[in-house]
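Colleague: I have a structure to read, and I am new to this. Could you take me through its features one by one?

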Amino acid sequence: MRLKKHPVLKIQDKQNIPFKFNDQIYHGKEGETIAVSLWSEGVKVLRKSERSKTSRGIYCGIGNCYDCRVHIKGRGLVRSCLTPVEPGIEVVSEREVKKNDL
Amino acid sequence: MNKTCIVCRCEEVSMKDIEKAMDNGMKTTQEIKMATRAGMGICQGRICRSLLEEVTHENDDQIQEIPSKLTIHNPVRPVALGMVRKGK
């Protein structure tokens, strides 16, 4: 999801923003949303559904479907596709998500 | 058509569940919602409302006077209770 090369645009070097997701440290770039930072680090599963425990992540990407919802400690429920990363935030998934989940 | 496909993502209602409700007499989207919980989840039907209206054909050949027969309940956007709490 992160552009490394572009024929016209100048790709700027952006600052690393460390944050936690399920007690694991990940790095986002300035201006990214939580969902995008996690996807760029290979994490596409953001929660498990209530009944069938199926993996869920970004679906609409525009804040409409709430499939990407996560909890930020001290802040509550947010839509990760809309919420920008901030240094030091602790993001937790709804229901247990293991590191290798697909 | 694979009937196990999910129509309402929030409440995990499959096409099979909706057809079962329609077999049991549910005709309108509101009735299907009451029987299956489709459209009652956290997104309040934003994703599945158009699919449900497609299944019931209730908006075919009609000039729509109201946006949907599915009632949309307040609050429009869900927030955690802790965010509403005052003083903390």
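Modeller: Start with Arg51(A), which is partly exposed because its relative accessible area is 49%. Buried means under 20% relative accessible area, exposed over 50%, and partly exposed in between, with a 1.4 Å probe and protein chains only.
This is a predicted model, where local features need pLDDT of at least 70, side-chain atom pairs count only at pLDDT 80 or more, and totals for chains, interfaces and linings use all residues. Residues are numbered from 1 along each chain as its sequence is written, chains are lettered from A and ligands numbered from 1 in the order in which they are written, and side-chain values use heavy atoms, with hydrogens and water left out.

Colleague: With which residue does Arg51(A) form a salt bridge?

Modeller: Side chains of opposite charge can pair when their charged atoms come close. The rule asks for a side-chain nitrogen of Lys or Arg within 4 Å of a carboxyl oxygen of Asp or Glu. Here Arg51(A) pairs with Glu11(B), and the closest N and O atoms are 3.5 Å apart. Arg51(A) sits in the loop between S3 and S4 of chain A, and Glu11(B) in the loop between strand S1 (6–8) and strand S2 (13–14) of chain B, so the pair joins two chains. Helices (H or I, at least four residues) and strands (E, at least two) are DSSP runs, numbered from the N terminus.

Colleague: Is Glu11(B) buried or exposed?

Modeller: Glu11(B) counts as buried because its relative accessibility is 9%.

Colleague: How do I read the interface of chain B and chain A as a whole?

Modeller: The size of an interface is often given as the accessible area lost when the parts come together. Between chain B and chain A, the buried area is about 1300 Å², with 49% from carbon and sulfur atoms. That area is what two parts lose on being put together, summed over both, with a 1.4 Å probe. On the chain B side, Arg9(B), Glu12(B) and Ile42(B) lose the most area to chain A, together 45% of what that side buries.
Now count residues. In chain B, 13 residues are in contact with 15 residues of chain A; contact means heavy atoms within 4.5 Å. The rule finds 2 salt bridges across this interface.

Colleague: Which residue pairs with Arg9(B) in a salt bridge?

Modeller: Arg9(B) pairs with Asp67(A), with the closest N and O atoms 2.6 Å apart. Asp67(A) also forms a salt bridge with Arg47(A), at 2.8 Å from N to O. This second pair links distant parts of the chain, 20 residues apart: Asp67(A) is in the loop between S4 and strand S5 (69–72) of chain A, and Arg47(A) is in strand S3 (residues 47–48) of chain A. Both Asp67(A) and Arg47(A) are buried.

Colleague: Where does Arg56(A) lie?

Modeller: Arg56(A) is in strand S4 (residues 55–56) of chain A. Arg56(A) is buried, because its relative accessible area is 8%. Beyond its neighbours within four places in sequence, its contacts include Asp67(A), Arg9(B) and Glu12(B).

Colleague: And within chain B, how far apart are the N and O atoms of Lys3(B) and Glu19(B)?

Modeller: The closest N and O atoms of that salt bridge are 3.1 Å apart. Lys3(B) is in the segment before S1 of chain B and Glu19(B) in helix H1 (residues 15–23) of chain B, 16 residues apart. Lys3(B) is partly exposed at 30%, and Glu19(B) is partly exposed at 29%.

Colleague: How many salt bridges does the structure hold over all chains?

Modeller: The structure holds 14.
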